[in-house]
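Reader: I am new to reading structures. Please pick one part and take me through it slowly.

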Amino acid sequence: VTSAIGLDSRIGRKYLRGAIAYGGPCFPRDNQALSFLARQLEVPALVPEATDRANHAETALLADRVQQELGSGGRAGILGLAYKPNSDVVQESPGLLLAQALLDRGIAVSVYDPAALDAARAKLRGEVQYCDSAEACVIASEVVVVATPWEEFRQIRPEAWSRPERRRTVIDCWRLLESDVLRSVVDYVRLGKGPERAGTAGS
């Protein structure tokens, strides 16, 4: 198993970046299968079991952060429901799991994905606003989470992010949108690298 994992081209700097939980049909399943095999052989499975727990804990931690940023009331927007760009697969997707965790807490949720909306509709339970564009999802939400690094999200117009009554918070899990222009109109929180909250206007 170790050799097979070591030869997997998806492991390395090309794919592994500081961000949010991993998802998809392969890594979560393979990790759980390794844990199951170890138990069958009556040997410790400390690393895969801890990895699985830590990965699932990421969703709860991110939901906590969104709830904290929202305060009382407000709507969360999730940009990206597929587990990776250029895919419609939502299995174990961090964006989908986050949306469901927020719904379970009674938080209003808007979602958008260029390819995975239909797949998400079949999975999500609760009152979800399915948006027909990334900009519509942004405009509808007080806190926006970039959960999947689709290139399309870079094209959102700066004016769509601006909110006159209260600055919108953007939690960018992939540091996809990091720019001085965006930071000038939102409270920008980046995950995975460097200071947690990038400078906002006047800071």
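Author: Start with one facing pair. I171 stands opposite V189 in strand 6. I171 belongs to one face of strand 5, together with T169. A word on the source: this is a predicted model, where local features need pLDDT of at least 70, side-chain atom pairs count only at pLDDT 80 or more, and totals for chains, interfaces and linings use all residues. Residues are numbered from 1 along each chain as its sequence is written, and side-chain values use heavy atoms, with hydrogens and water left out.

Strands here are DSSP runs of E, at least two residues long, and helices are runs of H or I, at least four; both are numbered from the N terminus. Two strands pair if DSSP finds at least two bridges between them. Strand 5 and strand 6 run parallel, joined by five bridges. Strand 5 also pairs with strand 4 (residues 143-146). That pairing is parallel too, over four bridges. There, V144 stands opposite V170 in strand 5.

Now look at the two faces. In a regular strand the side chains alternate between the two faces of the sheet. R168, V170 and D172 lie on one side of strand 5, T169 and I171 on the other. Both sides are covered, and these residues are all buried. Buried means under 20% relative accessible area, exposed means over 50%, and partly exposed is in between (1.4 Å probe, protein chains only). Five of the five residues of strand 5 are buried, so strand 5 is largely enclosed by the rest of the structure.

Next, follow the chain onward to a charged pair. Side chains of opposite charge can pair when their charged atoms come close. A salt bridge is a side-chain nitrogen of Lys or Arg within 4 Å of a carboxyl oxygen of Asp or Glu. R190 forms one with E178, the closest N and O atoms being 2.0 Å apart. R190 lies in strand 6 (residues 186-190), while E178 sits in the loop between strand 5 (168-172) and helix 8 (180-183), so the pair ties together parts that are 12 residues apart in sequence. R190 counts as buried because its relative accessible area is 15%. E178, at 31%, is partly exposed. Shared partners join E178, D180, R183 and R190 into one network of salt bridges.

Another salt bridge links R163 and E165, with the closest N and O atoms 3.4 Å apart. R163 is buried at 14% relative accessibility, whereas E165 is exposed at 58%. The structure holds 13 salt bridges.
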